[in-house]
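User: I'd like to learn how to read helices and aromatic rings in a model. Can you walk me through it?

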Amino acid sequence: MSTAVNAPARMGIWRKLAYALGQGGNVLTLQLTSTFVLTLYLPTAGKGAPLTPEMLLPIPVVGATFVVLNLLSRGIDTFFDPWIANVSDRSHSRFGRRRFFMAVSVLPLSVVTGLIFLPPTSSSSTVNVVWLGVMLTTYYCLFSTYVAPYLALLPELVPDKKENTVVSTLQAAAALLGGLLATVVAPIVFLGG
């Protein structure tokens with residue numbers, strides 16, 4: 001029996017690049033929310049009024065509401081992340097156990113990423129606090145729904161260790177590109193430097 005028959009099919013460079021670029025998108029959305037949500041809802045002095053009241057802690061700490069909302073949303077995601085990984089591991093979808101989760105979460109993740117930056121009121125409001133809490137929690141859970149299966153897909157797509165290393169390196173380069181876009185290019189384009 002020939003071992004070539006059982007050998008995994010190799011991915012072409014364009015498929016490797018296409019898969020790796022997904023990591024750039026992951027990092028881009030995460031960096032945008034990590035970097036710019038705080039400056040939107042709690043701008044620095046002279047750059048606008050805060051959009052969330054400092055009401056969640058009895059002591060006057062700047063940004064306390066944002067910190068509490070971030071901790072709550074990430075705390076919920078801490079339990080959601082392994083759950084979605086487990087569900088995708090056990091999936092028997094005809095689209096593949098990973099791709100199904102990626103397909104159903106990519107559009108909602110994109111929409112929620114945008115909605116985080118559109119608070120319901122333009123002044124400090126409890127409505128903005130609730131909005132931000134719900135949007136951050138939804139964002140992190142959708143992020144997990146896309147990213148956990150995306151990362152778990154790599155050894156299924158590229159079981160060969162040498163090729164796997166090449167794709168992982170391409171993912172790292174795409175992550176750097178996504179981070180660069182979010183932290184260097186976006187401030188220049190949207191904030192004027």
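User: Where in H4 does a kink lie?

Analyst: Keep in mind that this is a predicted model. The kink in H4 lies at Ser 105, shortly before the proline Pro 108, and is about 35°.

User: What distance should the 18 residues of helix H4 span?

Analyst: Count 1.5 Å a residue, and helix H4 (residues 99–116) should span 26 Å. The C-alpha atoms at its ends are 25 Å apart, which agrees.

User: Which residues of H4 are buried, and which helices do they pack against?

Analyst: Phe 101, Met 102, Ser 105, Leu 109, Val 112, Thr 113 and Ile 116 are buried. The buried residues of H4 pack against helix H2 (13–41), helix H3 (64–90) and helix H5 (126–157).

User: Now the rings. How many aromatic pairs does the structure hold?

Analyst: To describe a pair, you use the distance of the centres and the angle of the planes. There are 6 aromatic pairs here. Take Phe 80 and Trp 83: their ring centres are 5.5 Å apart and the planes are at 50°, so this pair is tilted. The two residues sit 3 apart in helix H3, about one helical turn. Phe 80 is partly exposed at 21% relative accessibility, and Trp 83 is partly exposed at 49%.

User: Why is the pair of Tyr 139 and Tyr 140 edge-to-face?

Analyst: Because the planes are at 70°, and over 60 counts as edge-to-face; the ring centres are 5.2 Å apart. Tyr 139 is buried at 0% relative accessible area, and Tyr 140 is buried at 4% relative accessibility.

User: Which residues form one aromatic cluster?

Analyst: That's Tyr 19, Tyr 146 and Tyr 150.

Key. Residues numbered from 1 in each chain as written. Predicted model: local features only at pLDDT ≥ 70, side-chain atom pairs only at ≥ 80, totals over all residues. Heavy atoms only, no water. Helix = DSSP H or I, 4+ residues; strand = E, 2+ residues; numbered from the N terminus. Expected span 1.5 Å × (residues − 1). Bend = angle between axes of the 7 residues up to and from the residue. Buried < 20%, exposed > 50% of the residue type's maximum accessible area, 1.4 Å probe, protein only. Contact = heavy atoms within 4.5 Å. Phe/Tyr/Trp six-rings, centres within 6.5 Å; stacked < 30°, edge-to-face > 60°.
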